[in-house]
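Subject: The structure I promised you

Hi,

Here is the structure we talked about, ready for you to open. Have a look around first, then read on for what turned up in it.

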Amino acid sequence: MTRLVRLAAAAALLLCAPALTWSQEPPARQYSPEQIDRLIIRAQSGSAVIRPQAAERLARIGKPAADRLYAMAGTSLGELALLGPSLIEVLGRFDDPRFRALLWPAMEDAEFPWRPAVSRSLAHRPRAAEWDRLVGFLEDPIAPVRLATLDALALLSGGDDSEGAASFDALAAARLGDENDVVRRRAAVLLDGRGHSRALLWLLEDLQRTDTYFDLPTGEAARYAAVNALQSLDIDLAGFEAFVPPAAEPNQVALAKLRERLLARASAAEAKLPEAARELVPRSVPAIARVGGPVEGARLGLLLKSCRRGDYYLRWTDDDQLIIGYGNPARVQLPEGTTARLMAVADAAQEANPGKVYWGRPGCDMESFRMPRVGEPAEARLQQLILSKDERPAPDLRPAGLSALGAAMAASIPGDDALDSTDPRTRSLARRVRGAFASIGGPVEAR
Amino acid sequence: MPILVLLLLLGGVLAAPGLVRERSWKVGADVQAAMDRGEEPDNEIVEVSILRLKNARYRRGRPLPEWVQELDGKKISLWGYMAIGTLEGLSEFELVPESCECGKSKVNHFVQVTLDDDVTRFIPGRITLEGTFSCGEVEEDGFITSVYRLSTDELP
């Protein structure tokens with residue numbers, strides 16, 4: 001009887017569903033200009049969690065919302081920027097050429113504050129004529145821009161044009177060596193879809209990661225992302241669990257099974273590829289994408305996240321190594337005493353700002369300095385001082401003590417002739433770090 | 001036919017409370033079963049990774065994975081970072097897996113923390129909190145404002 005009642009309930013709910021859906025999402029014609037304006041305000045200045053939802057709703061409304069947004073976006077990049085990232089991100093969904101004409105100059109302006117949102121907007125429905133323009137952004141300093149560009153090119157190469165497809169495959173294969181693991185994973189998944197399934201071995205590597213950037217579990221995050229990516233391809237994970245350490249026996253067993261499955265998938269897929277295309281994906285995973293060894297004795301850290309200049313993860317160890325990146329980071333030996341000298345500058349920065357740990361206002365740009373607390377053992381939990389800002393310039397945001405520390409950290413980075421120019425993490429590193437500093441809390445050189 | 005539809009709708013109304021209880025997101029099935037048996041909820045603290053919560057399959061209007069529902073109403077220990085820009089003197093803040101989430105806050109990527117006997121001060125760096133977890137969509141004006149919540153006494 002209970003089962004019968006439940007069946008009746010389910011049927012009733014099914015019958016009611018269309019009506020309920022209809023009442024939640026009225027068709028576009030029912031939105032008044034005032035309602036559209038209210039949604040725009042929520043998408044601009046609602047809480048961080050509401051903004052994207054409001055923007056999504058506007059995208060579903062269609063032309064009435066597009067017309068209102070176009071009137072607001074104006075003709076200058078400054079006016080476009082005022083829409084904010086959530087609205088900019090959905091402009092491409094309207095499939096309106098007026099928005100593409102607005103978005104492209106923003107994409108090509110390195111100082112535009114919302115380029116990740118712009119790139120995702122343009123990637124929603126890319127045009128074939130935009131291919132050459134897009135390709136250049138695969139080398140963009142900002143990882144989300146490279147990621148969206150890869151997606152856009154994948155969409156463009158999905159047709160019957162075999163020359164375009166081969167060209168995309170080569171571009172995606174090059175991204176398997178990207179400095180950002182999110183970009184590498186996306187390249188691997190896209191390549192699998194094109195018959196280059198050997199690229200999935202990059203994900204297998206991520207499943208074995210346990211690396212951290214201080215207390216940030218970058219390896220664990222990579223394991224979850226790799227699991228999600230493999231599941232999106234309907235690949236049986238053989239019981240692998242991302243929250244369990246990869247060295248645990250059940251995960252070791254799962255990894256062995258998964259390796260066999262992925263190799264079999266790669267062989268089967270490669271057999272269908274033309275002979276010349278079979279070597280596109282390297283036979284071995286490059287160092288940048290491999291599991292890294294532990295980082296011991298990191299005493300100072302600098303994490304820069306710039307919406308205009310990209311992200312930098314740097315650590316200085318007590319044996320004077322500069323550790324660049326995470327995962328399997330690049331390691332550069334510095335002159336003896338470098339870390340000790342930097343720690344003295346860090347002490348001075350803390351003493352000049354006792355008790356203060358945060359400067360600025362919420363936003364995408366962030367400088368995070370990690371250092372031993374003054375008077376505590378270097379092995380104790382590190383102090384973290386943070387600056388953050390939104391899209392508006394803040395050239396004097398950083399206090400003098402932290403500017404001195406930033407300048408000393410940047411000065412400790414070896415010149416290009418001492419660094420591996422083939423590694424995207426170390427190429428022109430000092431210049432790029434100074435550029436990121438300048439775009440967040442202001443230049444770190446003597447003013 | 002209209003009579004059949006009416007009967008089905010009536011059946012739905014009669015069965016709905018049972019269905020809601022069975023699929024409740026306020027209390028997980030194990031906790032609900034224990035409460036039905038008249039037992040006190042288990043007070044053992046469960047360690048949960050915020051990354052696991054973030055990566056749990058979530059789609060609006062769909063049930064959360066069983067393992068998340070099982071945590072509902074339980075005491076958990078959870079690490080994370082205060083979202084950049086957390087204001088001082090409030091009783092709520094967002095706990096996120098990385099301090100800079102860059103304005104793309106998905107509703108299942110943070111835990112809404114309520115402080116019962118404390119107010120916020122910005123703490124940079126990773127913190128670990130213990131408290132009572134609850135999950136399920138909270139909706140305001142048609143927008144989902146949280147999926148995961150933690151009620152705790154005070155900041156570390």
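Let's start at Pro245(A): leaving out residues up to four places away in sequence, it touches Thr210(A) and Asn251(A). Bear in mind throughout that this is a predicted model. You'll find Pro245(A) in the loop between H14 and H15 of chain A. Is Pro245(A) buried or exposed, or something in between? It counts as partly exposed, because 13 other C-beta atoms lie within 10 Å, and a residue needs 20 or more to be called buried. Also, the C-alpha atoms of Pro245(A) and Gln208(A) are 8.2 Å apart, although 37 residues separate them along the chain.

H14(A) covers residues 218-232, so 15 residues, and spans 21 Å from its first C-alpha to its last, close to the 21 Å expected at 1.5 Å a residue. Of those 15 residues, 12 are buried, so H14(A) is largely enclosed by the rest of the structure. Among the buried ones are Gly219(A), Arg223(A), Tyr224(A) and Leu230(A). What do they pack against? The buried residues of H14(A) meet H12 and H13 (201-207) of chain A, together with H3 (50-55) of chain B. Just after H14(A) comes Asp234(A), with a positive phi of about 60 degrees.

H15(A) runs over residues 249-271. It has 23 residues and reaches 33 Å between its first and last C-alpha, close to the 33 Å expected at 1.5 Å a residue. Its buried residues are Asn251(A), Ala254(A), Leu258(A), Leu262(A) and Ala269(A), and they pack against H13 of chain A.

The axes of H10(A) (residues 143-156) and H12(A) (residues 181-192) come within 9 Å and cross at roughly 10 degrees. Angles under 35 degrees count as roughly parallel, so that is the label for H10(A) and H12(A). On the H10(A) side, the contact is made by Ala143(A), Arg146(A), Leu147(A), Leu150(A) and Ala154(A). H12(A) brings Val182(A), Val183(A), Arg186(A), Ala187(A) and Leu190(A). Sorted by class, this contact has 8 nonpolar residues, 2 charged ones and no polar ones.

A word on backbone angles next. Most residues other than glycine have a negative phi. Asp95(A) has a positive phi of about 55 degrees, though it is not a glycine. It sits in the loop between H6 (85-91) and H7 (97-107) of chain A, and it counts as exposed because it has 12 C-beta neighbours inside 10 Å. Asp320(A) is another non-glycine residue with a positive phi, near 60 degrees. Its place is the loop between strands E2 (310-317) and E3 (321-324) of chain A. With 19 C-beta neighbours inside 10 Å, Asp320(A) counts as partly exposed.

Finally, chain B. How many helices and strands does it have? There are 4 helices and 6 strands, and along the sequence they follow the pattern α-α-β-α-α-β-β-β-β-β. Of its 156 residues, 33% count as buried. Among chain B contacts between residues at least 6 apart in sequence, 67% join residues at least 24 apart.

Happy exploring!

Terms used. Residues numbered from 1 in each chain as written. Chains lettered and ligands numbered in written order. Predicted model: local features only at pLDDT ≥ 70, side-chain atom pairs only at ≥ 80, totals over all residues. Axes fitted to C-alpha atoms, helices over the stretch in contact; angles between N-to-C directions. Helix = DSSP H or I, 4+ residues; strand = E, 2+ residues; numbered from the N terminus. Parallel < 35°, antiparallel > 145°, perpendicular 65-115°, else oblique. Contact = placed C-beta atoms within 7 Å. Nonpolar A, V, L, I, M, F, W, Y, C, P; charged D, E, K, R; others polar.
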